[in-house]
Amino acid sequence: MAETIVVGVDGSGTARKAAEVARDLAGALGARLHVVSAFDTDRTEVFGSGSDRWIVSDAGEAERVAREVAAALAGGDLKITYSAARGKPAEALVREADRLEAKMIVVGNRRMQGLGRVLGSVANSVAHSASCDVYIANTYGAD
């Protein structure tokens with residue numbers, strides 16, 4: 001079975017750049033890529049009435065983001081999967097990586113300078129709690 005690389009996305013330009021780095025790494029290593037978008041709560045709203053109803057939830061939005069990024073990254077022989085995961089971004093990424101027995105998590109370095117560096121960031125939290133390798137992609141200037 002091919003090894004797995006996990007990358008977290010949130011719809012931002014920096015996350016997209018990290019996802020592109022993850023795609024390139026997965027291609028070079030012959031690994032599969034798993035795109036994850038985290039959501040903290042599961043608020044659900046129903047719009048419309050009768051048979052014309054739409055359900056919109058945080059989980060659904062997170063899955064849409066992950067699906068769209070995965071589709072944009074697709075190409076060649078690379079196998080890409082996606083999911084939405086409940087929890088704060090760092091916790092969700094680490095949990096998904098553990099669930100998939102991933103070889104690596106790729107995160108961007110957004111908020112690793114200035115006050116964010118002192119207070120913490122997703123990259124910092126993942127690096128300190130992951131049970132697999134963590135690759136921190138340089139995403140400065142991507143937003």
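Mentor: Contacts come first. Of the contacts in the protein with a separation of 6 or more, 71% are between residues 24 or more positions apart. A contact here means heavy atoms within 4.5 Å. The model is predicted, so local features need pLDDT of at least 70 and side-chain atom pairs count only at pLDDT 80 or more, while totals for chains, interfaces and linings use all residues. Residues are numbered from 1 along each chain as its sequence is written, and side-chain values use heavy atoms, with hydrogens and water left out.

Now the setting. The protein has five helices and seven strands. Both are DSSP runs, numbered from the N terminus: helices are H or I with at least four residues, strands are E with at least two. From the N terminus, the order is β-α-β-β-β-α-β-α-β-α-α-β. Of the 143 residues, 39% are buried. Buried means under 20% relative accessible area, exposed over 50%, and partly exposed in between (1.4 Å probe, protein chains only).

The part to look at is α1. This helix covers residues 13-29, which is 17 residues. At 1.5 Å a residue it should span 24 Å, and its end C-alpha atoms are 24 Å apart, so the two agree. The expected span is 1.5 Å times one less than the number of residues.

Next, its buried side. The buried residues of α1 are T14, A15, A18, A19, A22 and A26. Seen down the axis of α1, they fall within an arc of 135 degrees, so they line one face of the helix. The arc is taken from the directions from the helix axis to the C-beta atoms. An α-helix has 3.6 residues a turn, so residues three or four places apart point the same way.

What does that face meet? The buried residues of α1 pack against the strands β1 (4-8), β2 (32-39), β6 (104-108) and β7 (133-137). They also pack against the helix α2 (58-73). At its end, α1 is followed by G30. The phi of G30 is positive, near 70 degrees.

A130 sits in the loop between α5 (122-129) and β7. Its contacts include V94 and I105, leaving aside residues up to four places away in sequence. The C-alpha atoms of A130 and M104 are 8.9 Å apart, although these residues lie 26 residues apart along the chain.
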